[in-house]
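Please find below a colleague's note on the two-chain structure shown here, arranged as numbered points for reading beside the coordinates.

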Amino acid sequence: MISTIQARAPRPIFGRKQSTNPIIRAVVRHALIICALVILLYPLVWMVAASFRPSNQIFTTLGLFSAHPTLANYTEGWGAGRLNFSRYFINSFLIAILSIVGNLISCSVTAYAFARLNFPGKKFLFAMLLGTMFLPFQVTLVPQYIMFNYLGWINTYLPLIVPHWFGVNAFFIFLMVQFIRSLPRELDDSARLDGCGHFRIFTRIIMPLALPAIGVVALFSFVWSWNDFLGPLLYLGRSDLWTVPLGLKAFLDSTGQSSYGGLFAMSTLSLAPIVGFFILAQRLLLEGIATTGLK
Amino acid sequence: MTSGTTPQQTLTKTSAGSEATPRQLRWRSRRARETIAAYVFLTPWILGMVLLTLGPMLYSLYLSFTRYNLLSDPKWVGFANFVQMFTADSRFLKSVGVTLVYVLVSVPLLLVVSMLLALLLNKSMRFLTAYRVLFYVPSLIGASVAIAALWRLIFGADGIINQVLAVVGIHHDSSWVGSPHDALTTLIILAVWAFGSMMIIFLAGVRQVPRELYEAAAIDGAGVFRKFFSVTLPILTPLIFFNTLMATIGAFQAFTGAYVVSGGTGGPVDSTLFYTLYLYQQGFAQLNMGYAAAMAWLLVIVLAAVTGFFFWTARFWVHYGDE
């Protein structure tokens, strides 16, 4: 088809040269991409490599390999000084899991109502939902702190978890609304004829079909909770409550040149769950990003 | 939306005026049930909206006209906080400047870099899945403390950036993050480093450009650049609009990188004092919560204006498929 069109069309005088070998063009393209990837990911790879070097060799080389690879940075970093990374990892996982569950429940019920039900006030409420997607979080930062302080929630995990049970992540709701809207309505209608109420349609029909969207929400929920720094910084003063980011910050504050190995080791461990989950679920996630603009 | 209920609606209209038939009653009760169900489903979200978003917003609007330190009652001061920002607080003005430079440099760079790589990947090529995953990884972790800490070290005096520069013959021995001229640059690089999510969105867009358009352009003798500017770019304008808006809003709110790289100070010499970092210092280090609330509301107003401006300009440069 393409070739016949080109054969009939007069060749452009100043047109692009078509004579370049397609194999060479593909090779050049791949080479450019690999160059970009090396520049992009080298700092990360270098950090992982440095975490396996003896601590006196961390900054001595640009290269990746060491004659004396060691796990000492991991064992020392895990409990360096007054730090206790076993605790921080447990705390971070606990907060992340409870946030994910809260997000999944609150966002999916909200999304079902917006995507499938008709009710007075729907347009107004949906506009409000979209509006909160653009709202800078700073505007609720101070009053929420005052409120949680008043409730005695400082130095508890409640300020980091409870909001997720009330659907504060408008992006997640929006993503699920879009997904549920794309599901065929005939399924609901036939379930309704069989006598199903809205709750059963939601749990038995919509939720099983919305698993891809649920997966995207769960993974981004995990990433955001795991990376969150400002929330724990505000609400978790006691060191036994700290999350991994707070542990890393304390590590960075307290270290001299000598223990950067430990810092790199703990940083590597802190990134591993995110990158690991992402690679396991990458197809699902990249579709989600492409269609909704999450990051 | 209403496709499921349309037949019943027509039915009610035709029999309007007469006594309610059993059918109508059933339909009304179904509507009532649906409304009740909807509001039951929406209960958590509405509670969150009122208690965690709208209520706090109104409260912080009130606080922005007060002086409040959490210990004694808020004291009404009128517009004093806002006046102080622009007349008596050089650090505030500095933080506005730093944030504007950050937004105005990092967002265009992000757009250009992610667009270029999306075009480079726009082929049904081998390893495409692996490439997409690898380009996306920095977006996942770019906002983490671990990466900010890494940035602080690799841009230090003996970090690998200086070592790489030495290899190519540029001798830069001082620390980048320690220099008032360069510290902000390292944070801009950090922002651009995480371009993957934007690239994925552009990639999804360029892959949907109809092939026939390129073929038609080729027949007309268009070269690579002409094809890009006359075919690809116009089709991508809705995505460029979306990406620019979201990146701008995000950049105004950046915090973690600046906090970690500067050790919480915004230094050296306030050169990385992002707006949000200064708001944090005012509100939670110095407990000037009224002042912090005023800063937050100013940001809301500025972002609303920026968003409104974006939507207004959209009519001049954003093309949708049917035009």
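The points that follow take up the chains, their contact, several helices and a few individual residues.

1. The structure is a predicted model, and every remark below should be read with that in mind. Chain A contains 15 helices and zero strands, and 40% of its 295 residues count as buried. Among the contacts in chain A between residues at least 6 apart in sequence, 76% join residues at least 24 apart.

2. Both chains are divided by the domain assignment. In chain A the assignment gives domain 1 as 20-78 and domain 2 as 85-254, and the C-alpha centres of these two domains lie 36 Å apart. In chain B the corresponding bounds are 6-63 for domain 1 and 83-317 for domain 2, with 42 Å separating the C-alpha centres.

3. The contact between the chains takes 77 residues from chain A and 84 residues from chain B. On the side of chain A that touches chain B, the largest share, 11 residues, is supplied by helix H2 (residues 22-50) of chain A. That side of chain A comprises 54 nonpolar, 16 polar and seven charged residues.

4. The axes of helix H14 (residues 260-280) of chain A and helix H6 (residues 145-154) of chain B come within 9 Å and cross at roughly 145 degrees, and H14(A) passes H6(B) in a left-handed crossing. The contact is formed by A:Tyr260, A:Leu263, A:Ser267, A:Ser270 and A:Leu271 of H14(A), together with B:Ala146, B:Ala149, B:Leu150 and B:Leu153 of H6(B). By class, the residues of this contact are seven nonpolar, two polar and no charged.

5. A second pair lies within chain B, where the axes of helix H2 (residues 22-63) and helix H14 (residues 289-317) come within 8 Å and cross at roughly 115 degrees. Here too the crossing, of H2(B) past H14(B), is left-handed. H2(B) contributes B:Ser60, B:Leu61 and B:Leu63 to the contact, while H14(B) contributes B:Met289, B:Gly290, B:Ala293, B:Ala296 and B:Trp297. These residues divide into six nonpolar, two polar and no charged.

6. Which residues does A:Val139 contact, once its neighbours within four places in sequence are left aside? They are B:Met57, B:Ser60, B:Ala296, B:Trp297 and B:Val300; of these, B:Ser60 belongs to the H2(B) side of the contact described in the previous point, and B:Ala296 and B:Trp297 to the H14(B) side. A:Val139 itself lies in helix H6 (residues 138-150) of chain A, and A:Val139 counts as buried because it has 23 C-beta neighbours inside 10 Å, where 20 or more are required. The C-alpha atoms of A:Val139 and A:Pro232, 93 residues apart along the chain, are separated by 18 Å.

7. Helix H11 (residues 211-227) of chain A has 17 residues and reaches 24 Å from its first C-alpha to its last, close to the 24 Å expected; 14 of the 17 residues are buried, so H11(A) is largely enclosed by the rest of the structure. Helix H8 (residues 183-193) of chain B is mostly covered, with eight of its 11 residues buried, among them B:Leu184, B:Leu187 and B:Trp193. The buried residues of H8(B) pack against H2 of chain A, and also against H4, H5, H6, H11 and H12 of chain B.

8. B:Ala217, in helix H10 (residues 211-219) of chain B, is partly exposed, with 17 other C-beta atoms within 10 Å. Apart from neighbours within four places in sequence, B:Ala217 is in contact with B:Ala222, B:Arg226, B:Lys227, B:Ser230 and B:Val231.

9. Most residues other than glycine have a negative phi, and most peptide bonds are trans. A:Asn155, in the loop between H6 and H7 of chain A, has a positive phi near 65 degrees, and B:Leu70, in the loop between strands E1 and E2 of chain B, has a positive phi of about 80 degrees. Both are partly exposed, A:Asn155 with 13 other C-beta atoms within 10 Å and B:Leu70 with 14. A cis peptide bond, with omega about -5 degrees, joins B:Gly267 and B:Pro268, and B:Pro268 is placed in the loop between H12 and H13 of chain B.

Note on methods:
Residues numbered from 1 in each chain as written. Chains lettered and ligands numbered in written order. Predicted model: local features only at pLDDT ≥ 70, side-chain atom pairs only at ≥ 80, totals over all residues. Axes fitted to C-alpha atoms, helices over the stretch in contact; angles between N-to-C directions. Helix = DSSP H or I, 4+ residues; strand = E, 2+ residues; numbered from the N terminus. Left-handed = near helix turned anticlockwise from the far one by under 90°. Contact = placed C-beta atoms within 7 Å. Nonpolar A, V, L, I, M, F, W, Y, C, P; charged D, E, K, R; others polar. Domains from an automatic or database assignment. Expected span 1.5 Å × (residues − 1). Buried ≥ 20, exposed ≤ 12 C-beta atoms within 10 Å, placed from the backbone.
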